[in-house]
Amino acid sequence: MTNWSQVSGGYYHTIAIKTDGTLWICGSNGYGTLGISDLTNRYSPVQVGALTNWSQVGGGQDHAAAIKTDGTLWSWGYNAN
């Protein structure tokens, strides 16, 4: 596939944006790190929601974050602190 515009790696996951503005993620999901409403690990990229207005992504140890084109910041995953 050649339609990826941005990618970021977390501790055990990868998050990316396609050129159509959709958000995709794969990897370990033990703390809801993938943001897909379950705790199942994914070994191939799955789409996060249906929105098409994502512009930037970042991955951390057990969390992920993304910025929409309107400038709002979204984050999900481990929330112990």
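Which residues is His13 in contact with, leaving aside its neighbours within four places in sequence? The first view takes this up, after a short note on the model.

This is a predicted model, in which local features need pLDDT of at least 70 and side-chain atom pairs count only at pLDDT 80 or more, while totals for chains, interfaces and linings use all residues. Residues are numbered from 1 along each chain as its sequence is written, and side-chain values use heavy atoms, with hydrogens and water left out.

View 1. His13 sits in strand β2; strands here are DSSP runs of E with at least two residues, numbered from the N terminus. With neighbours within four places in sequence set aside, His13 is in contact (heavy atoms within 4.5 Å) with Ser8, Ile25, Cys26, Gly27, Ser28, Thr33, Leu34, Gly59, Gly60, Gln61, His63 and Ala64. His13 counts as buried because its relative accessibility is 4%; buried means under 20% relative accessible area, exposed over 50% and partly exposed in between, with a 1.4 Å probe and protein chains only. The His13 side chain also reaches the backbone oxygen of His63 at 3.1 Å.

**View 2. The largest nonpolar core.** A nonpolar core is a set of buried Ala, Val, Leu, Ile, Met, Phe, Trp, Tyr and Cys residues joined through side-chain atoms within 4.5 Å. The largest one has twelve residues, among them Ile15, Leu23, Val48, Trp54, Ala64 and Trp76. At least two residues of this core come from each of β2 (13–18), β3 (23–27), β5 (54–59) and β6 (63–68). Beyond its neighbours within four places in sequence, Val48 is in contact with Leu23, Ile25, Leu34, Gly35 and Ile36.

**View 3. Ser37 in its loop.** Look for Ser37 in the loop between β3 and β4 (42–47). Ser37 has a phi near 70°, a positive value in a residue other than glycine. Most residues other than glycine have a negative phi. Because its relative accessibility is 81%, Ser37 counts as exposed.

**View 4. A salt bridge.** The structure holds one salt bridge, meaning a side-chain nitrogen of Lys or Arg within 4 Å of a carboxyl oxygen of Asp or Glu. Here the side chains of Arg42 and Asp38 meet, at 2.9 Å from N to O. Arg42 is partly exposed at 22% relative accessibility, and Asp38 is partly exposed at 26%.

**View 5. A sheet of three strands.** This open sheet has the order β5-β6-β7, with antiparallel pairing; two strands pair if DSSP finds at least two bridges between them. β5 and β7 (73–77) stand at the edges with a single partner strand each, so one side of each is left without a neighbour in the sheet. Five bridges join the antiparallel strands β6 and β7, and His63 stands opposite Gly77 in β7.

Note on methods. Helices (H or I, at least four residues) and strands (E, at least two) are DSSP runs, numbered from the N terminus. A polar contact is a pair of N or O atoms within 3.5 Å; within protein, one must be able to donate a hydrogen and the other to accept it, and residues adjacent in sequence count only if both atoms are side-chain atoms.
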